[in-house]
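Hi,

Here is the structure I said I would pass on. Have a look at it first, and my notes follow below.

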Amino acid sequence: MASSAAGILPAHTAPSSTSSKPPPTKDPRRRRCLCVCLLATLAVLLALAITLLVLFLTVLKVRNPTTRLVSTRLAGVAPRLTFPAMSVQLNVTLLLTVAVHNPNPASFAYDTGGHTDLTYRGAHVGDAEIDPGLIPSKGDGEVKLALTVQADRLAADLAQLVADVESGSVAMEASTRIPGRVTILGIFKRHAVAYSDCSFVFGVAEMAVRSQQCHDRTKL
C-alpha cells in the first residue's frame with residue numbers, strides 16, 4: 001500500500017483560460033483623424049462667420065441712392081370751380097422725369113408707389129403720386145410723375161411771387177417718400193423707405209429747372 005501511494009505523482013493543474021489580459025491600446029491614427037476633423041469643422045465655422053460679417057458690413061449695408069431731375073414739361077392748366085363757397089382755382093400740371101442711380105447690389109421695388117409734396121416758401125402748393133416701379137441693382141432708372149401745382153396756393157403771397165417772377169426764377173422745395181423692398185442676391189429681402197428732399201430753382205424764361213440740390217437717404 002505504501003509503495004503504491006508513493007508511486008502516485010502529484011497532478012499539475014492547467015492554467016486557466018480566463019486569466020486577465022491587458023486592455024487594448026487606442027489607435028493613435030484614429031485619434032489624430034478625430035483631431036483633424038474637429039479642427040477642420042472649427043475652421044469652416046470660423047470662415048462662415050467671417051463671410052457673414054463681411055456680407056453684413058458690405059453687401060447688406062444699403063447706401064443712399066442719388067436722384068436728379070432731368071426734365072420738366074407743362075402738361076396742362078385746368079380751372080376748377082368749388083362750392084358752396086364760390087371760388088375759382090387754377091391747377092397747373094407738370095410732367096417730371098427724375099433719374100435715379102442705385103449704387104447697391106440690391107434692386108429696389110416700390111409696388112405701392114410713392115408721394116411727393118411741393119412747397120413754396122414753406123407753404124404746401126402741390127403734390128404728385130408716383131406709380132409703382134423697380135430700380136435695378138447697381139443701375140439707373142427713371143421715375144416719372146405728374147405734379148399738380150395749385151396756383152391759388154402758390155399766389156397766396158402774391159407780392160413775393162411777383163417779385164420772384166420778375167427776377168426770373170422761383171425757388172421751391174420737393175419732398176418725396178417711396179416705401180418699397182430691397183432684394184439682395186435674390187435671397188435677402190428687407191423693407192426700406194427711400195426719401196428725397198430737393199431744393200430747386202425754376203427758371204421763368206426757359207420754363208425749366210435751372211439748378212437743384214437733393215439730399216437722398218434710405219431707411220431700413
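Arg121 counts as exposed, with a relative accessibility of 52%. Keep in mind that this is a predicted model. The side chain of Arg121 meets that of Asp164 in a salt bridge, at 3.2 Å from N to O. Arg121 sits in the loop between strand 4 and strand 5 (123-130), while Asp164 belongs to helix 4 (residues 158-167), so the pair ties together parts that are 43 residues apart in sequence.

Another one joins the side chains of Asp111 and Arg181, at 3.6 Å from N to O. It links distant parts of the chain, with Asp111 in the loop between strand 3 and strand 4 (114-120) and Arg181 in strand 8, 70 residues apart. Asp111 counts as exposed at 52% relative accessibility, whereas Arg181 comes out as partly exposed at 27%.

Now for strand 3 itself, which covers residues 106-110 and is mostly covered, with four of its five residues buried. Strand 3 runs antiparallel to strand 8 (residues 169-184), and four bridges join the two. If you want a spot to look at there, Ser107 has Thr183 in strand 8 as its bridge partner. Strand 3 also pairs with strand 6 (residues 133-135), again in the antiparallel sense, over three bridges.

Strand 9 (residues 188-203) and strand 10 (residues 208-219) run antiparallel and are joined by eleven bridges; one of the places to check is Ser199, whose bridge partner in strand 10 is Gln213.

Which residue does Arg217 pair with? Its partner is Asp197, and the closest N and O atoms are 3.0 Å apart. Arg217 is in strand 10 and Asp197 in strand 9, 20 residues apart, and the pair is listed as linking distant parts of the chain. Arg217 is partly exposed at 32% relative accessibility, and Asp197 is partly exposed as well, with a relative accessible area of 31%.

Cheers

Technical notes
Residues are numbered from 1 along each chain as its sequence is written. This is a predicted model: local features need pLDDT of at least 70, side-chain atom pairs count only at pLDDT 80 or more; totals for chains, interfaces and linings use all residues. Side-chain values use heavy atoms; hydrogens and water are left out. Buried means under 20% relative accessible area, exposed over 50%, partly exposed in between (1.4 Å probe, protein chains only). Two strands pair if DSSP finds at least two bridges between them. A salt bridge is a side-chain nitrogen of Lys or Arg within 4 Å of a carboxyl oxygen of Asp or Glu.
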